[in-house]
Amino acid sequence: MRIRIVDAFTDRPFAGNPAGVLLLDDVFPDDDRLQNVAMEVNHAETAFAHRLPPGGEADWALRWFTPVAEVAMCGHATLATAHVLHTTGAHAGPVRFATRSGVLVATPGPDGWITMDFPTAPLTAVEVPDGVAEALGADPLGAYDTGPDVGDLLVELADERTVLGLAPDHKALMTHSSRGVIATARADDPSRGHDFVSRCFFPNVGIDEDPVTGSAHTALAPHWSARLGRDDLTGLQASRRSGLVRTGLRGDRTLLTGRAVTVVDGELLA
């Protein structure tokens with residue numbers, strides 16, 4: 001079985017967010033098999049896809065696994081899968097993925113850019129939960145539930161410097177959402193190429209800090225579009241690897257645009 005490691009939301013190797021991608025010849029094997037492969041790959045997500053019969057609402061079936069659990073939505077591994085399909089010639093033009101979050105479409109553009117059409121996360125303002133400020137080491141200006149598909153608590157902080165300086169207690173964050181916490185702030189200097197900054201902590205699915213999270217931007221897009229008065233923005237997710245995500249708010253859909261680079265192409269022997 002062919003296995004690839006793809007760095008997503010970047011145009012250079014060893015940056016962005018790495019994902020495993022496996023294109024299967026037939027239907028998905030049993031869940032234990034998928035989970036074991038994802039555990040072996042040991043990246044934030046491993047994507048598994050197989051081709052669907054022609055004439056349906058989708059072209060490929062797609063599932064995502066962290067090293068410890070299956071997830072309902074993953075942006076960077078979807079981008080990585082679309083990149084593999086397009087660069088290998090397995091699929092030409094827009095590709096429709098059947099997923100647990102509905103049909104997601106990824107459309108190739110010029111110079112390797114790929115735009116994905118995802119559901120916009122429904123944001124609900126909530127009281128800042130007790131213990132979140134202590135766990136993060138910073139006082140949130142506000143907090144928002146991001147709905148069942150994303151499953152995070154989004155917290156806005158005072159400024160970019162505060163987000164970049166976080167050193168959270170990951171274990172203490174585990175009780176505040178089903179997946180984790182998104183910390184965000186307005187960019188200090190938009191002339192540097194991004195409108196807002198974020199970091200994502202997902203200890204509940206075995207990822208203390210995710211390098212670049214596409215699904216989180218389905219919540220960040222409506223949050224910052226409302227504040228900045230523009231539908232099209234660029235977010236910097238700051239981490240050791242970092243990456244840029246272009247967002248386009250389109251009502252109940254959010255467009256996520258990025259690039260990807262294949263860094264490993266090998267064979268799964270087990």
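The model is predicted: local features require pLDDT of at least 70, side-chain atom pairs count only at pLDDT 80 or more, and totals for chains, interfaces and linings use all residues. Residues are numbered from 1 along each chain as its sequence is written, and side-chain values use heavy atoms, with hydrogens and water left out.

**Aromatic pairs**

Begin by selecting Phe48 and Phe65. Rings of Phe, Tyr and Trp (its six-membered ring) pair if their centres lie within 6.5 Å; planes under 30 degrees apart count as stacked, over 60 as edge-to-face and the rest as tilted. The count under this rule is two aromatic pairs. Phe48 and Phe65 make an edge-to-face pair, with 5.8 Å centre to centre and 85 degrees between the planes. This pair links distant parts of the chain, since Phe48 lies in strand S3 (residues 45-51) and Phe65 in strand S4 (residues 60-65), 17 residues apart. Helices (H or I, at least four residues) and strands (E, at least two) are DSSP runs, numbered from the N terminus. Buried means under 20% relative accessible area, exposed over 50%, and partly exposed in between (1.4 Å probe, protein chains only).

Next, select Phe196 and Trp224, which form a stacked pair: 6.2 Å centre to centre, 15 degrees between the planes. Phe196 belongs to strand S13 (residues 196-202) and Trp224 to helix H7 (residues 217-228), so that the pair links distant parts of the chain, 28 residues apart. Phe196 is buried at 0% relative accessibility, as is Trp224 at 1%.

**Helix H7**

Among the buried residues are His217, Leu220, Pro222 and Trp224. Gly229 follows H7 and has a positive phi, near 75 degrees.

**His50 and its contacts**

Return to strand S3 and select His50. This residue is buried, with a relative accessible area of 8%. Leaving aside residues up to four places away in sequence, His50 touches Leu24, Asp26, Val27, Phe28, Asp59, Trp60 and Ala61, where contact means heavy atoms within 4.5 Å.

**Charges over rings and salt bridges**

A charge sits over a ring if NZ of Lys or CZ of Arg is within 6 Å of the ring centre and within 35 degrees of the ring normal. A further example is Arg246, which lies over the face of Trp113 at 3.7 Å from the ring centre.

Arg63 also meets Glu70 in a salt bridge (2.9 Å, N to O). A salt bridge is a side-chain nitrogen of Lys or Arg within 4 Å of a carboxyl oxygen of Asp or Glu. Arg63 is buried at 16% relative accessibility, whereas Glu70 is partly exposed at 24%.

Finally, select Asp117 and Arg253, a salt bridge with the closest N and O atoms 2.6 Å apart. Asp117 is in strand S8 (residues 114-119) and Arg253 in strand S17 (residues 253-258), 136 residues apart.
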